[in-house]
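Colleague: Could we go through this model, with the terms spelled out as we use them?

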Amino acid sequence: MVVRAAVITALIVVGSFFLTVGTIGLLRLPNVYNRMHATSKPTTLGTAAIFLAGFVSFGPGSEGLTALIGIIFLLLTVPTGAHMIARSAERIGVPFLGSVTWPDESAVRDATRDAEERSTPASEMETDSDSDSKSETDDHRNE
Amino acid sequence: MTATSSDPVFLEVAIDAALVLVGVLCVLCSYRVIRGPTIPDRVVALDAIATNVVAIAVLFALQTGRGLFVTVSLVLAIIGFIATVAVAKFVIEGEVIE
């Protein structure tokens, strides 16, 4: 089966390329957040390509289906892990680079207040929505 | 069906070269583990190493033709994810299990 071997080889080459790109980004970029951005996406793509090579090689039997489950699992967990590391890095005070800022508190508050006003009548929301949502976000920040 | 001696030569060469390449990439990632200025740097580098090891397990399954190692790679992915989450919680709160 030369065609199948060619497909497997192409998927392995693509996966190795993406893994190399992720590692170069991890070594060269200047900041935790940039490095995380560089590793999570290309590494996921590269490993997914190699999993696909495994699926093509082993066929849709038990091991091939395991490879597909591995792809789904990677697509679910790698962004979650990167998000958690980014949040903890911001909490322990790793500085941002240049003009980058954390998403604005007032923007989040305005968005939630707009959503509340859209779902409830505006007149009764006038009094209490401001103080409530503000103290909520402050509690969340100081946690 | 599986990757054994009936495969073309270029497939075996590609698998061997990819194994060597991903191994070298793991070593290069360990530079960031050792030198990384902050703890999240090290965690990110270890996460990248874990994903590379998942790729190595799949490549090994392709090389030997044993599908069992695909399952091994899945277990390695689960362990890497749990380790990342545990360290991310530990860095913030100082304890994981209260």
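Modeller: Read along the sequence, chain B has the pattern α-α-α. The model is predicted, so local features need pLDDT of at least 70 and side-chain atom pairs count only at pLDDT 80 or more, while totals for chains, interfaces and linings use all residues. Residues are numbered from 1 along each chain as its sequence is written, and chains are lettered from A and ligands numbered from 1 in the order in which they are written.

Colleague: What makes an element of chain B a helix, and how many helices and strands are there?

Modeller: Helices are DSSP runs of H or I with at least four residues, and strands are runs of E with at least two, numbered from the N terminus. Chain B has 3 helices and 0 strands. Chain A has 5 helices and 0 strands, in the order α-α-α-α-α from the N terminus on.

Colleague: How does the radius of gyration of chain B stand against a compact globule?

Modeller: The radius is taken over C-alpha atoms, and the globule rule is 2.2 Å times the number of residues to the power 0.38. For 98 residues a compact globule would come near 13 Å, but chain B has 17 Å. The C-alpha trace of chain B spans about 55 × 30 × 10 Å along its principal axes.

Colleague: Why is the pair H1(A) and H2(A) called roughly antiparallel?

Modeller: Helix H1 (residues 2-28) of chain A and helix H2 (residues 32-58) of chain A pack at an angle of about 165°, with their axes 8 Å apart. Axes are lines fitted to C-alpha atoms, for helices over the stretch in contact, and angles run from 0 to 180 degrees between N-to-C directions. Under 35 degrees counts as roughly parallel, over 145 as roughly antiparallel, 65 to 115 as roughly perpendicular and the rest as oblique. The angle therefore makes H1(A) roughly antiparallel to H2(A).

Colleague: How many residues of chain A and chain B are in contact, and what counts as a contact?

Modeller: Two residues are in contact if their C-beta atoms, placed from the backbone, lie within 7 Å. By that rule, 45 residues of chain A are in contact with 45 residues of chain B. H1, H2 and helix H3 (62-91) of chain A each supply at least two residues of the side of chain A that touches chain B. H3(A) gives the most to that side, with 15 residues.
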